Amino acid sequence: MLQAREGICNWKVLGTEGKRTHRFIVFKIEEKQKQVVVEKVGEPTQNYEDFTASLPVDECRYAVYDFDFVTAENCQKSRIFFIAWSPDTSRVRSKMIYASSKDRFKRELDGIQVELQATDPTEMGLDVIKSRAN
C-alpha cells in the first residue's frame with residue numbers, strides 16, 4: 001500500500017497572513033519506500049513555464065499548481081489544479097502505480113478545485129489550463 005509521507009498532504013497555498021507560500025509542488029512516488037514525497041516546490045514568483053519545465057519528460061509525477069487569472073468581468077481569481085502527469089514515454093509499471101494511487105493521494109490534499117490528466121505537454125498547455133480554470 002502506498003503511503004503519503006507525513007506532512008506533505010497538508011499543502012496550503014496561503015499562509016496564515018494570506019500570503020502565497022508556493023506556486024506549485026511536484027510529487028514523486030518512491031517505489032521502494034512505497035510513499036509519495038515532495039520532489040520540487042515552486043516559489044510564489046515562478047510561472048507556468050517554470051512549473052512545466054520541472055516535470056520530467058519520461059517519468060510520471062503528481063503536481064499541484066496554483067493558477068492566477070483575471071475573469072471577463074476583470075476579477076482576480078485563482079484555481080488550484082491537481083495534475084496527474086503520465087507521459088507516453090514513461091515505464092508501463094510507473095504508469096500503473098501512479099494511476100492506481102491517484103485517487104487516494106488526491107483525497108489527502110486540501111483545496112483541489114480542478115483535476116487534469118496529461119500524457120504529453122499539449123494536454124496541459126497554458127491554453128488548456130486557462131480554459132479549465134473558468
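Predicted model: local features only at pLDDT ≥ 70, side-chain atom pairs only at ≥ 80, totals over all residues.
If you look along them, you will find isoleucine 29 opposite valine 36 of strand 3.

## Glutamate 31 and its two partners

Side chains of opposite charge can pair when their charged atoms come close. The structure holds 8 salt bridges. In one of them, the side chain of arginine 91 meets that of glutamate 31 (2.8 Å, N to O). Arginine 91 sits in the loop between strand 5 (76-85) and helix 2 (92-107), while glutamate 31 sits in the loop between strand 2 and strand 3, so this pair ties together parts that are 60 residues apart in sequence.

Glutamate 31 also meets arginine 93 in a salt bridge (3.3 Å, N to O). This pair links distant parts of the chain, 62 residues apart, with arginine 93 in helix 2. Together, Glu31, Arg91 and Arg93 are linked in a network of salt bridges. How open are these residues? Glutamate 31 counts as partly exposed, at 27% relative accessibility, whereas arginine 93 is exposed, at 51%.

## A pair between helix 2 and strand 6

Here is another salt bridge to find: the side chains of glutamate 115 and lysine 102 meet at 2.7 Å, N to O. Glutamate 115 belongs to strand 6 (residues 114-118) and lysine 102 to helix 2, 13 residues apart. Lysine 102 is buried because its relative accessible area is 12%, under the 20% limit. Glutamate 115, at 25% relative accessibility, counts as partly exposed.

Conventions. Residues numbered from 1 in each chain as written. Heavy atoms only, no water. Pairing = 2+ DSSP bridges. Helix = DSSP H or I, 4+ residues; strand = E, 2+ residues; numbered from the N terminus. Salt bridge = Lys/Arg side-chain N within 4 Å of Asp/Glu carboxyl O. Buried < 20%, exposed > 50% of the residue type's maximum accessible area, 1.4 Å probe, protein only.
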